[in-house]
Amino acid sequence: MAAGPATQEDTRTRLLATALRLFTEHGVEGTSLQMIADALGVTKAAVYYHFKTKDEIVEAVAEPGLRELDQVIDEASRLRRRGARIDHLLTGFVNTVVRHRALVALFSSDPGIARTLARTWTSPQENFSVRILGILVEEESDLNRMVAAHVAVAGIALAGGSPQFAGVDDDTLREQLLDVGRRLLGRPRRVS
């Protein structure tokens with residue numbers, strides 16, 4: 001009897017979660033399709049049913065976080081006021097980092113994911129970086145503001161994906177990252 005669409009989607013979802021866990025433990029380049037199959041308790045052929053290559057798995061693992069970040073940047077860029085653009089981007093970036101902690105940790109620690117995505121995507125990291133900094137920093141900004149924007153973006157990503165903060169609940173981490181981001185970007189603190 002053939003597996004139905006719901007079962008296939010469940011297997012695909014479990015496969016991606018397992019792949020992300022193994023990528024985090026062994027790195028993208030240190031994880032084989034056979035390791036993923038073994039961890040799932042399926043054959044390598046079952047993995048091939050869903051994905052033809054490990055690169056396709058890496059893309060599928062990264063896609064939800066990258067798509068979400070792309071949407072946040074697009075929404076922020078459409079806002080009229082500069083302060084509103086910065087606030088929307090900062091909040092959306094922090095929410096994306098917190099929601100996709102394991103993926104962010106992988107991006108921060110494993111150059112293999114960037115190499116894999118560079119082969120298949122059109123340089124998402126460079127594109128995101130340029131777009132994010134274009135919203136956070138005006139062309140005529142001084143060096144201090146440019147450095148602060150870079151530190152805010154890199155620091156939020158590194159802290160959000162840090163194993164040191166794995167035990168911190170999402171709401172607390174989100175609040176802390178937003179607070180630090182606002183201070184670095186010279187934004188007013190939100191009153192709760």
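**Salt bridges, a nonpolar patch and a covered helix**

Modeller: At 42% relative accessibility, aspartate 10 counts as partly exposed. The model is predicted.

Colleague: Which residue forms a salt bridge with aspartate 10?

Modeller: Look in helix H1, residues 5-26. Residues three or four places apart on an α-helix point the same way, because a turn takes 3.6 residues. The closest N and O atoms are 4.0 Å apart, and the partner is arginine 14.

Colleague: Is arginine 14 buried, partly exposed or exposed?

Modeller: The buried class stops under 20%, and the exposed class begins over 50%. Arginine 14 has 36% relative accessibility, so it counts as partly exposed.

Colleague: What is the separation of the closest N and O atoms between aspartate 87 and arginine 187?

Modeller: These two residues form a salt bridge. The pair links distant parts of the chain, 100 residues apart: aspartate 87 sits in helix H5, arginine 187 in the segment after H10. Aspartate 87 has 16% relative accessibility, so it counts as buried. The closest N and O atoms are separated by 2.8 Å.

Colleague: How many residues of H5 are buried?

Modeller: H5 has 18 residues and reaches 25 Å from its first C-alpha to its last, close to the 26 Å expected. The helix is mostly covered. Its buried residues number 13.

Colleague: Is histidine 100 buried or exposed?

Modeller: Histidine 100 lies in the loop between helix H5 and helix H6. Leaving aside neighbours within four places in sequence, histidine 100 contacts Pro64, Gly65 and Glu68. Its relative accessible area is 17%, under the 20% limit, so histidine 100 is buried.

Colleague: Which helix supplies the largest share of the nonpolar patch?

Modeller: The patch covers about 470 Å² and is made by Leu143, Met146, Val147, Val151, Val180 and Leu184. Helix H9 spans 143-160 and helix H10 spans 170-185; each supplies at least two of the patch residues. Valine 151, partly exposed at 43%, is found in H9. The largest share, four residues, comes from H9.

Conventions: Residues numbered from 1 in each chain as written. Predicted model: local features only at pLDDT ≥ 70, side-chain atom pairs only at ≥ 80, totals over all residues. Heavy atoms only, no water. Patch = residues over 30% accessible without salt bridge, like charges linked within 9 Å, V, L, I, M, F, W, Y side chains within 5 Å. Areas by Shrake-Rupley, 256 points an atom, 1.4 Å probe, with all protein chains shown as cover. Salt bridge = Lys/Arg side-chain N within 4 Å of Asp/Glu carboxyl O. Buried < 20%, exposed > 50% of the residue type's maximum accessible area, 1.4 Å probe, protein only. Contact = heavy atoms within 4.5 Å. Expected span 1.5 Å × (residues − 1).
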